[in-house]
Amino acid sequence: MEDPLICLCGRVLESVVLAAKASGIRDIASLRRATGANAGCGDCLTDLEEILDQEILDQESAAEPAT
C-alpha cells in the first residue's frame, strides 16, 4: 500500500500525520510541532486539515439517517 507524501517541504508521509492524529493531535500547530508538516510553503495545509477533520466528517455521516 502506498504511503503518500502529504508535506513536500517537510517530507512528511500520510502515515506520520495519521499516527500524530491517533496520539491525540487535533490542530495544525500541534501537528506542525510533532511532525514538521506545514512548516514550509503551506501547500499541504488543506490536506492536513482534511485529515484532521475526517473523524468529525465520519461521525456526522454515521449520524445521518439512512434514506
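A surface patch here is made of residues with over 30% relative accessible area and no salt bridge, where like charges are joined within 9 Å and nonpolar side chains (Val, Leu, Ile, Met, Phe, Trp, Tyr) within 5 Å. A salt bridge, in turn, is a side-chain nitrogen of Lys or Arg within 4 Å of a carboxyl oxygen of Asp or Glu.

What you're looking at is a predicted model, where local features need pLDDT of at least 70 and side-chain atom pairs count only at pLDDT 80 or more, while totals for chains, interfaces and linings use all residues. Residues are numbered from 1 along each chain as its sequence is written, and side-chain values use heavy atoms, leaving out hydrogens and water.

From the N terminus on, the chain runs β-β-α-α-α; helices (H or I, at least four residues) and strands (E, at least two) are DSSP runs. Of its 67 residues, 25% are buried.

Now for the surface. Asp-47, Glu-49, Glu-50 and Asp-53 form a negative patch, and Glu-49 sits in helix H3 (residues 45-63). Leu-5, Leu-8, Leu-13 and Val-16 make a nonpolar patch with about 320 Å² of accessible area together; Leu-5 belongs to strand E1 (residues 5-7).

| Residue | Relative accessible area | Class |
|---|---|---|
| Glu-49 | 36% | partly exposed |
| Leu-5 | 36% | partly exposed |
| Asn-38 | 10% | buried |

Asn-38 lies in the loop between helix H2 (28-35) and H3. Its side chain makes a 2.9 Å polar contact with that of Arg-32; such a contact pairs N or O atoms within 3.5 Å, one able to donate a hydrogen and the other to accept it, and residues adjacent in sequence count only if both atoms are side-chain atoms.

Key
Areas by Shrake-Rupley, 256 points an atom, 1.4 Å probe, with all protein chains shown as cover. Lys, Arg positive; Asp, Glu negative; His and termini not counted. Charge placed at Lys NZ, Arg CZ, Asp CG, Glu CD. Buried < 20%, exposed > 50% of the residue type's maximum accessible area, 1.4 Å probe, protein only.
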